[in-house]
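Me: I have a structure open and would like to learn how to read it. Could you take me through a few features, one at a time?

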Amino acid sequence: MTPLYIDYPSWLSPFIFPGVKILGFLRWYSLMYVFAFGTAYVIFRKVVKEGALDTKKYKCSEDDVISFFTMGILFLLLGARLMSVFVYDTSGLYREKPWLAFWPFDSNGNFTGLAGMSFHGGVIGGLFGMLLWCIIHKQPVLKWMDVMGIAIPLGYTWGRLGNFLNNGELFGRVTTMPWGMIFPGARRFSASLDWVQDIMAQVGMEASSGLVNLPRHPSQLYEAFFEGIVLFLIVWFLRKKKPFDGFLTGIYLGGYGLFRFFIEYFREPDVDLGYRIVAVEGSPTYLNVSMANLSTGQILCLGMIFVALAIMVAGWRLSKKPEGKKNGK
């Protein structure tokens, strides 16, 4: 029987120059961040050139674009890192030594970079940074956030590709789908277990003694496609059809929350966190036992959808006010 699964490419390395001593610390994951921010900036500038931020009294300048984008990215990185180390990390290390949150070296002095970023933390930090910039510069918050909402998704695609290249981290749950993939860092199971033997038989994996690595959903690629490419195409198509400021921000936040919520059913939650809402006691994280078991990511996605709706309602209500009242007159 032809195997109905894919082996994670053995030639892939998380390092860009594996074996090169001087450049050996450079990782694809870090380079993907450069690609992500670069892609987002190019799209942001293009939308600005289309006149998305211009009004009768204001013409967006290049300096405005750079300062707004820079502040948004800085707060995004800050929020992403803080939520990663204080919410998702369960070792307690950063609570005891919070100054290590931004220390890019391990205990042996080796450069590791800032390993561990939370998307939801990045959203919170980025929104705060953009809000702060708009208040300082007295600019309409929702109008600027709409442009950023167009720019972010395609950049996000690079981030999930970085996860895939980084030893296939953030892999999914066990699957019998023919595109299931054997990830090197996934948990192994005893080949003597009945459910393991059943899955092995379905995917054409030869039975063996000891521990076996079963196929998983390549959830990083699911996210790269739906939360990145598909969501970008949606907001890009709607960018010139938005009925009010804040509409695209809501579409982006709500769309991401919706896509991510359902993809979480295929992605294995962090084992140390497990499920936040448990409908079936004893449910393993590597199998989707119940749709009512909700992970941390799904809870945060529901929050994103709620915030998206609130922003859209606020934007719609503001659009109905006379111009004088919008300006506080």
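**Reading the model step by step**

Reply: The protein chain has 10 helices and 6 strands; here helices (H or I, at least four residues) and strands (E, at least two) are DSSP runs, numbered from the N terminus. This is a predicted model, where local features need pLDDT of at least 70, side-chain atom pairs count only at pLDDT 80 or more, and totals for chains, interfaces and linings use all residues. Residues are numbered from 1 along each chain as its sequence is written, and side-chain values use heavy atoms, with hydrogens and water left out.

Me: What percentage of the residues in the protein chain is buried?

Reply: First the idea: buried means under 20% relative accessible area, exposed over 50%, and partly exposed in between (1.4 Å probe, protein chains only). In this protein chain of 329 residues, 44% are buried.

Me: And how do I read contacts along the chain?

Reply: Contact means heavy atoms within 4.5 Å. Take the contacts in the protein chain between residues at least 6 apart in sequence: 71% of them join residues at least 24 apart. At 24% relative accessibility, leucine 31 counts as partly exposed.

Me: Is leucine 53 buried or exposed?

Reply: Leucine 53 has 1% relative accessibility, so it counts as buried. You will find leucine 53 in the loop between helix 1 (28-49) and helix 2 (62-88). Leaving out residues up to four places away in sequence, leucine 53 touches Val48, Tyr58, Cys60, Lys143, Trp144 and Val147. Its C-alpha is also 9.5 Å from that of aspartate 146, which is 93 residues away along the chain.

Me: How should I describe two helices that pack together?

Reply: Two packed helices are described by the angle between their axes and the distance between the axes.

Me: Which hand does the crossing of helix 7 and helix 8 have?

Reply: A crossing is left-handed if the near helix is turned anticlockwise from the far one by less than a right angle, and right-handed if clockwise. Helix 7 and helix 8 cross in the right-handed way. Residues making the contact include Phe226, Val230 and Ile234 of helix 7 and Ile251, Tyr252 and Phe259 of helix 8. By class, the contact of helix 7 with helix 8 has 14 nonpolar, 2 polar and 3 charged residues. In this scheme Ala, Val, Leu, Ile, Met, Phe, Trp, Tyr, Cys and Pro count as nonpolar, Asp, Glu, Lys and Arg as charged, and the others, Gly among them, as polar.

Me: Which side chains make polar contacts with the side chain of glutamate 268?

Reply: A polar contact is a pair of N or O atoms within 3.5 Å; within protein, one must be able to donate a hydrogen and the other to accept it, and residues adjacent in sequence count only if both atoms are side-chain atoms. The side chain of glutamate 268 has such a contact with arginine 216 at 2.5 Å, and another with threonine 285 at 2.8 Å. Glutamate 268 sits in the loop between helix 8 and strand 5 (275-277) and is buried, with a relative accessible area of 10%.
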